[in-house]
Amino acid sequence: MINLYQKSWKEINNAIASNVKRLRKRKNISQKELSIRSGVSLGSIKRFEQTGEISLQFLTKIAIALDSEDELLALFSDVPFSSIEEVLNEQS
């Protein structure tokens, strides 16, 4: 079944980039400072915040630099079952 309200990968990536940018600003960290703290190039950080494009390795480094690695680790950890079949599959 197709979900007409499902977000595209691009929308999801842009939302994550927006969340990271908002957190960076909340912590009063410049892009340059985040680059230094994370070891991710300034160009990669700028591109990520503008386009949502980044490697998982760099996203992890940014999360660590922003003290948000627990949020990254929580991805897919608490996804509710969508069917009894999924419950049975997990048990096997």
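This is a predicted model: local features need pLDDT of at least 70, side-chain atom pairs count only at pLDDT 80 or more; totals for chains, interfaces and linings use all residues.
Let me start at the surface, where L75, F76 and V79 form a nonpolar patch with about 370 Å² of accessible area together; patches here are made of residues with over 30% relative accessible area and no salt bridge, with nonpolar side chains (Val, Leu, Ile, Met, Phe, Trp, Tyr) joined within 5 Å and like charges within 9 Å, and the areas come from the Shrake-Rupley method with a 1.4 Å probe, only the protein chains shown counting as cover for residues. L75 itself lies in the loop between α5 (69-73) and α6 (84-91), where helices (H or I, at least four residues) and strands (E, at least two) are DSSP runs numbered from the N terminus.

Residues are numbered from 1 along each chain as its sequence is written, and side-chain values use heavy atoms, with hydrogens and water left out.

Leaving aside its neighbours within four places in sequence, V20 is in contact (heavy atoms within 4.5 Å) with F48, L59, I62 and L66.

Now to the charged pairs: how many salt bridges are there? The count comes to three, a salt bridge being a side-chain nitrogen of Lys or Arg within 4 Å of a carboxyl oxygen of Asp or Glu.

E49 forms one with R24, the closest N and O atoms being 2.7 Å apart, and this pair links distant parts of the chain, with E49 in helix α3 and R24 in helix α1, 25 residues apart. E49 counts as buried because its relative accessibility is 12%, the class being under 20%, with exposed over 50% and partly exposed in between (1.4 Å probe, protein chains only); R24 is also buried, at 6%. Beyond its neighbours within four places in sequence, E49 is in contact with A17, K21, R24 and Q31.

K10 forms a salt bridge with E53, at 3.7 Å between the closest N and O atoms, and the two are 43 residues apart, E53 being in the loop between α3 and α4.

Finally, R37 pairs with E33 at 3.0 Å, both within helix α2 (residues 31-38) and four residues apart, about one turn of the helix.
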